[in-house]
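Hi everyone, thanks for coming. Let me put the structure up, and then we'll walk through a few parts of it together.

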Amino acid sequence: MKEGIRFFSSDMKMSDLVEMNYRLLTVLSRLDMHAGFGEKTVAGICAEAGVDTEAFLLICNMYSYHGYLPTEEALKSADPLSVLKYLHNSHSSYIEDGFMELEKIMDGLVATCREQEKRIILDFLAGYRKEVEKHFEYEEEVFFPYVISVTGHNASQDYSAAIFEENHSNIEEKLNDLKNIVMKYLPPTCDRRLANDALYALSALSEDLEKHTNIENHVLVPMVNRLESKKEA
Amino acid sequence: MKVFLIMPSRVMARGLEGVFHDLGEFKIEGIVSDISPREEVMMKNMSADAVIVDPAVFAHSLRAVARQQISELTDAAVVAFPSIFMDEETCRQYDAVLSLYDSPAEIVHKLRAAVSVPKDNAASECSELSAREKDILICVAKGLINKEIADIYNISIHTVITHRRNITRKTGIKTVAGLTVYALLNNLIDPSSVE
């Protein structure tokens, strides 16, 4: 009998995990795990990379299965600092790779457009990039240090995961708008041969950002909530 | 064609497996015996064309809305294969109902018909923006708030919101900045009118 969906486990081979969902390569590279896995297991590779296996599995399941929600058990046994490491490295990869790539493609796409159209589209992208950078900056400078302090049991009283959650905005919305604009309303003067590249890049980035937000909201925040209530008790 | 089975009875599941194996037309993508959050995630991520479910997995009080519950997880056709008695009303919610006494040919026939049922899609809307929607869009792009737009056109705020929702559904664009780009590219507004 064929099984429907298999979730990932610590004793499976890392190469099998990638075989199940090659998109996880993005996750792996953000945790400094690179191909050449040999017959090593997920747990083995994680240990080498200094990443908590439970946290790694949580991230992989969140990344691969739409609507996956971690169990209390899983949240309890995973290390928040490994989740934090992943989120922090993702931020750099969005800014250094994701956006760079997208901007390069978009520049080419509108290169043949009238000056005015070019400006409208590129200004929108530049405005969006600034917004995302501000969003990440807040997390890096306020929320992440707070998470580290909570894990070390010396958190400040004036901040909490609840405050973070309340102000956590949806950053992939504008990217989806741009995707629709490219897909449906591109000026005919654009270099349409590049439209596919642009759509692939936009879709991949928007999907990845959505997963990123889900990991923050459904993994990191509940983990911090738990540590906060433990501290009060 | 791929099917996903929700069958608390192992014997019934094996029976269907046998039928599908012999005919080769249908592949079983997965078999589960219950619907818990774990199975729900599986169903959200599967690609089956049809879900075959024994309504006995649902508590009696939930049986009337069982199909709806499955449809929230997947777009697949939902076919009942009841091990228990089901009244006509409950049967009607499914795309097809298999019986324990159906021949293999009948089962295949019913499944094929169920999968080809066109789903009434509320989003089958593909029309262009109406003149009024364009008016509203122009206001949004210029940065006016709903109350101001309502006053200009002498309509209720509720109507403005409905128009905005329709604009977003048709264009796929949600943010004000995105709608502004749309308005500019379609020459609905002059670049000098946006700050």
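What should the 15 residues of helix α8 of chain B span at 1.5 Å a residue? The answer for residues 157-171 is 21 Å, and the end C-alpha atoms are 21 Å apart, which agrees. The expected span is 1.5 Å times one less than the number of residues, and helices here are DSSP runs (H or I, at least four residues), numbered from the N terminus.

A quick word on the source: this is a predicted model, where local features need pLDDT of at least 70, side-chain atom pairs count only at pLDDT 80 or more, and totals for chains, interfaces and linings use all residues. Residues are numbered from 1 along each chain as its sequence is written, while chains are lettered from A and ligands numbered from 1 in the order in which they are written.

Back to α8(B). V160(B), H163(B), R164(B), I167(B) and T171(B) are buried, that is, 20 or more other C-beta atoms lie within 10 Å of their own, against 12 or fewer for exposed and in between for partly exposed, with C-beta atoms placed from the backbone. On the other side of the helix, H158(B) and R165(B) are exposed. Covering the buried residues are, among others, α9 (173-184) of chain A and α6 (131-141) of chain B. Just after α8(B), G172(B) has a positive phi of about 80°.

Finally, the two chains: 24 residues of chain A are in contact with 24 residues of chain B, meaning C-beta atoms, placed from the backbone, within 7 Å. On chain A, α7 (115-151) and α9 each supply at least two residues of that side.
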